[in-house]
Amino acid sequence: MWLKIPLWPSEASTISRNVDALFVFLLSVTGGVTLLVFAVIVFFLFKYRHTKHPVAEQIEGSVPLEILWSVIPLGIFMIFFGWGASIYFAEARPPKDALDVFVVAKQWMWKFEYQTGQREINVLHVPVDRPVRLTMISQDVVHSFFAPEMRVKADVLPGRYTTTWFQAVKPGHYHLFCAQYCGTQHANMVGEIVVMEPAEYQAWLQGGNAEGSIASTGQKLFQELGCISCHRFDTQGRGPNLQGVFGRPVLLDDGRTVVADEDYVRESILQPGAKVVAGFKPIMPTFQGVLSEDQLLALVAYVKSLSVPQQAEPVTSRPPVPPAAGGTPIAQ
Amino acid sequence: MATSTQIVEKETYLNTDFSIKSWLLTTDHKRIALLYLISITLFFFVGGLFALLIRLELLTPAGDLVQSDTYNKLFSMHGIVMIFLFLIPSIPAVFGNFFVPMMIGARDLAFPRINLLSWYLLMIGGSLIMYSIVTGGVDTGWTFYTPFSTEYANTQVVAAGLGIFVAGFSSILTGLNFIVTIHRMRAPGMSWGRMPLFLWSMYATSVVQILGTPVLAIAVALVFLERVFRIGIFNPQLGGDPLLFQHLFWFYSHPAVYIMILPSMGVVSEVIPCFARKRVFGYAAVALSSIAIAVFGFLVWAHHMFVAGISAYSALVFSLLSYAVALPSAIKVFNWTATIYKGSIHLRTPMLYALGFIGLFTMGGMTGLFLSSLGIDVHVHDTYFVIAHFHYIMVGGAVMGFMAALHFWWPKITGKIYPEVWGKIAASTIFLGFNLTFLPQFILGYLGMPRRYHVYPADFQVLNVMSTAGASILGVGYLLPLVYLFWSLRYGRDAGNNPWNAAGLEWTTASPPPTHNFDETPVVTWEAYNYHQLPAMPEEETIGASGI
């Protein structure tokens with residue numbers, strides 16, 4: 001170990017090569033300029049030492065030089081900026097066909113929930129060559145999902161979903177860290193990302209302990225909590241029909257329009273009065289303090305499944321949850 | 001106590017009155033500067049002790065020296081003490097206080113009593129922070145992120161926050177004092193264009209202090225309200241927004257970096273012309289770049305939040321603006337380099353520190369370009385890459401500038417010459433120790449070692465051992481000046497008015513200066529850095545011996 005100093009993290013995701021290429025580019029340019037400036041300074045210090053050069057020549061300055069050494073760096077900076085921004089925007093936009101995994105962070109552990117119902121603590125199994133989208137929320141303080149070999153990092157906030165995604169390119173075991181200081185055991189809020197061959201991954205899924213997909217858990221909750229009595233799947237309910245709502249714009253009673261995304265669904269469960277759909281009365285009770293983040297995610301997944309088009313590609317070998325109401329949950 | 005054999009001692013600000021009261025109730029800017037120097041030196045070594053313990057813990061991957069809670073308190077208190085009690089006051093409160101009036105030919109600052117009040121506020125704030133340390137410490141990090149600080153931390157958050165709140169007003173009042181002084185009290189002939197560049201950078205710093213610090217006070221006060229009265233501001237469970245805190249906090253704390261670095265840039269702009277015997281190259285560019293840094297510094301705060309859940313488009317804007325703020329710093333480095341060209345260079349201790357500043361600050365600035373690039377920041381944010389980057393700026397930059405100032409003006413402040421050989425040994429030790437400490441941390445960061453980790457995977461150990469070894473060397477480097485500067489107070493040669501034959505009004509009066517600074521109000525008829533009109537710098541062996 002003492003002879004082996006690691007210098008470079010392995011590249012385990014599609015994005016990591018891009019990040020490394022940019023890093024190497026910056027390292028070459030800034031390293032080159034830094035060495036050049038240092039060399040010039042050392043040369044001047046030697047050449048104009050007072051024993052050899054007793055009288056300084058007074059030079060006022062030079063406007064052309066000032067312009068030159070402002071404009072050239074600015075031009076180089078714009079390359080750094082543009083290249084970095086293009087990677088960031090790629091990271092901000094998960095591909096449509098990504099595998100969805102929910103992440104619930106809390107002091108001091110990571111909980112991963114697969115759409116098919118499997119749950120894991122501190123270990124995330126993903127298939128190789130398949131984009132994985134993480135929808136994350138914290139139960140307490142701010143955490144940060146950091147997978148150095150994938151070159152991705154995203155803070156996990158309480159009260160709001162954040163997302164990130166990556167596509168692993170090499171099977172193996174990789175670091176998972178919490179990067180945002182979160183209290184006593186922050187340094188132990190670590191885990192592992194296990195990247196598997198697709199067949200292996202399927203086998204792992206089959207051997208899992210799933211009790212039914214997340215959406216089906218959400219569906220059960222939807223019935224147990226009585227949501228179904230108002231949110232009926234016709235136009236007669238006291239609350240809006242939730243079929244086909246997810247991902248679409250919703251007109252509110254104050255005239256605003258919001259897109260029904262994960263955060264909107266979650267907010268509507270916890271603070272139903274915040275954004276009321278036009279044509280409905282603010283009569284829904286709050287579920288603040290009643291539901292855990294896991295249950296909220298299940299309800300979100302269920303509402304989302306009500307809008308999944310039939311031709312959606314199955315996440316696993318199993319069929320997707322049918323959008324029909326009142327159907328029996330698909331148990332494994 | 002003085003066993004000096006001098007028979008006729010001239011009256012100076014030091015020997016005019018020896019009573020404790022004359023120090024604690026003084027309104028002399030020079031005495032207040034010394035009160036600050038003593039206080040912040042104390043705080044520096046307290047913060048340094050925490051750093052030493054952090055590095056010792058990280059010698060091994062396991063948590064074997066201290067418990068995780070203790071470790072979390074160590075890095076929190078290291079940050080709080082170093083930033084709020086050392087770096088923020090350092091150069092402005094000590095050398096700004098001492099030399100702003102002297103450089104413009106004034107007898108004191110515009111508001112001498114407010115100046116004394118500023119020192120008391122720092123002492124009250126410092127005492128509150130020390131109280132929070134001895135009664136259990138704080139474990140929120142110096143960043144106090146919510147809702148951890150308002151809801152989950154069980155430590156002395158309120159006391160430490162109150163200390164920061166109070167110390168902040170010290171900073172605001174100092175800035176106010178400098179701005180008014182520079183506007184209103186310049187000697188006849190001392191136009192803005194003739195001001196030494198140290199004054200331009202003090203002015204820019206003061207603007208940041210006045211505009212930024214109140215926002216920190218607001219952020220801390222809101223943390224207090226939520227923590228004590230459970231008023232929902234930041235905690236989503238109470239209906240708040242955790243990102244609001246980060247915006248408020250960084251709205252101050254990013255410009256605060258410029259409160260720390262601008263004064264050092266000012267010092268370097270004094271030291272390099274003196275030891276190159278040359279007017280600074282591009283005076284206007286260097287002066288205006290200080291102002292540009294102060295202005296753009298307020299527009300980049302959210303680059304601390306690229307992965308915090310802000311919109312991708314706002315990240316784009318903040319990345320672009322972060323490059324804009326890097327430009328004036330680059331301009332300064334190029335101008336300093338050009339100043340050395342065709343100079344007559346004396347490599348004395350202040351010059352070594354100034355050159356060390358350029359080297360380390362350049363590396364800190366260059367790695368800042370990595371962090372401004374969105375794609376790279378996502379990977380290295382909250383890792384040791386960031387730790388290394390900001391230590392290159394704040395220790396490599398700000399502290400090297402402080403040491404340059406300390407050695408450059410020590411003869412003026414004390415009337416004594418420090419031992420040159422020891423000065424050079426210490427400067428070299430600090431430079432080497434610093435690089436050994438923080439260079440490996442860039443690699444650690446890119447490998448993915450997160451900051452604020454009490455334990456870490458074993459593959460990171462070798463680089464951590466190198467870093468700890470460097471920190472020990474750095475620690476020795478900082479202790480050396482403490483010893484030889486004290487030694488020089490008693491055994492050092494008398495400095496004379498102007499041991500470096502330096503330009504600037506502060507060198508035209510006695511060392512140490514009389515209480516009223518100047519016997520007659522100076523009239524300035526020359527440009528700054530008129531080294532062509534000044535005699536050459538005395539040789540090392542003869543320096544101070546002439547005692548003009």
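In chain B, helix H10 (residues 283-296) packs against helix H11 (residues 312-340) at an angle of about 160°, and their axes are 9 Å apart. Because angles over 145 degrees count as roughly antiparallel, H10(B) is roughly antiparallel to H11(B). Please keep in mind that this is a predicted model.

**The helix pair in chain B**

- The crossing in which H10(B) passes H11(B) is left-handed.
- On the H10(B) side, the contact is made by B:Ala285, B:Val286, B:Ser289, B:Ala292, B:Ile293 and B:Phe296.
- H11(B) contributes B:Leu321, B:Ala324, B:Val325, B:Pro328, B:Ser329, B:Ile331, B:Lys332 and B:Asn335.
- Sorted by class, the contact of H10(B) with H11(B) has 10 nonpolar, 3 polar and 1 charged residues.

**Where chain A meets chain B**

- Here, 74 residues of chain A are in contact with 74 residues of chain B.
- On the side of chain A that touches chain B, the elements giving two or more residues are helices H1 (14-47) and H2 (63-92), along with strands S6 (143-147), S7 (152-156) and S9 (172-178).
- H2(A) supplies the largest share of that side, 16 residues.
- By class, the residues of this side of chain A divide into 45 nonpolar, 19 polar and 10 charged.

**The nonpolar core**

- The largest nonpolar core has 264 residues, and the ones that touch the most other members are A:Val103, B:Leu199, B:Val268, B:Val271, B:Ala354 and B:Ala404.
- Leaving aside residues up to four places away in sequence, B:Ala354 touches B:Val268, B:Val271, B:Ile272 and B:Ala404.

Definitions and conventions: Residues are numbered from 1 along each chain as its sequence is written. Chains are lettered from A and ligands numbered from 1 in the order in which they are written. This is a predicted model: local features need pLDDT of at least 70, side-chain atom pairs count only at pLDDT 80 or more; totals for chains, interfaces and linings use all residues. Axes are lines fitted to C-alpha atoms, for helices over the stretch in contact, and angles run from 0 to 180 degrees between N-to-C directions. Helices (H or I, at least four residues) and strands (E, at least two) are DSSP runs, numbered from the N terminus. Angles under 35 degrees count as roughly parallel, over 145 as roughly antiparallel, 65 to 115 as roughly perpendicular and the rest as oblique. A crossing is left-handed if the near helix is turned anticlockwise from the far one by less than a right angle, and right-handed if clockwise. Two residues are in contact if their C-beta atoms, placed from the backbone, lie within 7 Å. Ala, Val, Leu, Ile, Met, Phe, Trp, Tyr, Cys and Pro count as nonpolar, Asp, Glu, Lys and Arg as charged, and the others, Gly among them, as polar. A nonpolar core is a set of buried Ala, Val, Leu, Ile, Met, Phe, Trp, Tyr and Cys residues joined through C-beta atoms within 7 Å. A residue is buried if 20 or more other C-beta atoms lie within 10 Å of its own, exposed if 12 or fewer, and partly exposed in between; C-beta atoms are placed from the backbone.
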